[in-house]
Amino acid sequence: MRRDNQTTPTGFILTGFSHFPKLQVALFVLFLLMHVVTLAGNLVIMVVIRVERGLHMPMYLLLGALSFSELCYTFSITPKMLSGLVPGTRTRAISFLGCAAQTHFSFTFGFMHSFLLTVMGYDRYVAICHPLRYSTLITSRVCIQLVVASWLGGGLLGLLVTCAVFQLPFCRSHQIDHFFCHVPPLLQLTCAGGKMVATVVNILCMTALLGCFLLILLSYAFILGHILQMPSAEGRHKTFSTCASHVAVVVVHYGCASVIYLQRKSPQAVGASALTDVSYTVFTPFLSPIIFSLRSKDLKNALWKSLRKSFIYRNTRFWPGSSFSCRSGYR
């Protein structure tokens with residue numbers, strides 16, 4: 001009997017928001033709007049960086065890579081979460097391989113995001129503390145290598161977590177008390193080895209997150225020391241303003257991550273962890289492009305420049321003889 005119970009399930013049922021039936025319509029509309037804004041914001045950042053030659057520098061290449069990781073992370077979780085808010089068990093069903101793929105990609109792009117934020121912190125450190133050596137230390141080639149290393153590192157850690165979880169036998173209910181294939185509720189369905197794997201995964205995640213966070217803190221410790229040595233207040237403000245958007249995203253990213261990893265799991269709080277995890281899986285990708293778009297002056301100017309060019313081009317197509325030509329004073 002025990003051997004028969006230890007089977008590989010054909011699929012799972014995600015029950016994360018089924019505990020809040022009265023909120024499902026409101027949550028669906030809210031998350032759908034946030035998903036659209038997240039996709040649009042990250043796509044706009046990537047397109048503007050690609051089109052505008054003035055942004056073809058390591059700092060914005062890293063930002064483009066970060067937007068890409070946010071985009072992929074959102075695609076790995078949000079569409080299935082939205083379908084789970086639609087009434088009916090079929091929309092909440094996910095296959096075994098689909099669940100493994102979702103776990104892999106969510107961890108891959110989550111780790112990648114942390115690694116890229118660390119690389120961006122190093123980029124700001126070199127730009128502020130060693131400006132004369134910046135062009136030799138942070139070349140486009142080095143930047144691409146750091147981005148590729150972040151992707152490979154995220155992919156490797158994601159694969160390790162996925163293999164560790166899905167090689168376990170599942171013998172209990174196939175209902176996952178979450179809105180996506182999150183590891184803690186998945187491990188509650190295993191027959192044996194769940195506690196050991198949970199410990200290993202927690203150590204791996206905490207080591208990666210804390211390691212990246214400490215490196216970012218170290219970068220900003222040197223940056224802060226350099227800024228405090230500047231004689232003028234205007235110079236200090238101007239220098240720190242180049243880091244403001246990165247600092248804000250780091251605070252949001254690690255603030256929401258700490259809420260998830262430091263919260264006390266209570267069996268009585270059914271579905272409560274799903275609502276808590278929304279802060280990291282939905283709100284962080286939603287806020288990131290907004291913060292960079294509003295706080296980065298060069299990116300904001302490039303965005304308005306691209307919109308103005310698009311507007312002028314559209315007008316010259318429909319009214320070739322008008323004063324809106326590309327050679328007019330509007331340029």
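Leu61, Phe68, Ile144, Val148, Trp151 and Leu152 make a nonpolar surface patch of about 520 Å². Patches of this kind join nonpolar side chains (Val, Leu, Ile, Met, Phe, Trp, Tyr) within 5 Å, from residues with over 30% relative accessible area and no salt bridge; areas come from the Shrake-Rupley method with a 1.4 Å probe. Helix 3 (58-84) and helix 6 (140-166) are the elements that give two or more residues to the patch, and helix 6 gives the most, with 4 residues. Helices (H or I, at least four residues) and strands (E, at least two) are DSSP runs numbered from the N terminus. Leu61, found in helix 3, has 36% relative accessibility and counts as partly exposed (buried is under 20%, exposed over 50%, partly exposed in between).

The model is predicted: local features need pLDDT of at least 70 and side-chain atom pairs pLDDT 80 or more, whereas totals for chains, interfaces and linings use all residues. Residues are numbered from 1 along each chain, and side-chain values use heavy atoms, without hydrogens and water.

An open sheet of mixed pairing is formed by 3 strands in the order 2-1-3, pairing being assigned where DSSP finds at least two bridges. Strand 2 (93-95) and strand 3 (175-176) each have a single partner strand, so one side of each lacks a neighbour in the sheet. Strand 1 (residues 11-14) runs antiparallel to strand 2, joined by 3 bridges; Ile13 stands opposite Ala93 in strand 2. Helix 4 (residues 96-129) packs on the sheet and touches strand 1, strand 2 and strand 3, contact meaning heavy atoms within 4.5 Å. The direction of helix 4 makes about 85 degrees with that of strand 2 (lines fitted to C-alpha atoms, for helices over the stretch in contact; N-to-C directions, 0 to 180 degrees).

The whole structure contains 1 salt bridge, defined as a side-chain nitrogen of Lys or Arg within 4 Å of a carboxyl oxygen of Asp or Glu. Arg124 forms a salt bridge with Asp123, with the closest N and O atoms 3.0 Å apart. Arg124 is buried at 8% relative accessibility, and Asp123 is buried at 2%.

Methods
Buried means under 20% relative accessible area, exposed over 50%, partly exposed in between (1.4 Å probe, protein chains only). Patches are made of residues with over 30% relative accessible area and no salt bridge: like charges are joined within 9 Å, nonpolar side chains (Val, Leu, Ile, Met, Phe, Trp, Tyr) within 5 Å.
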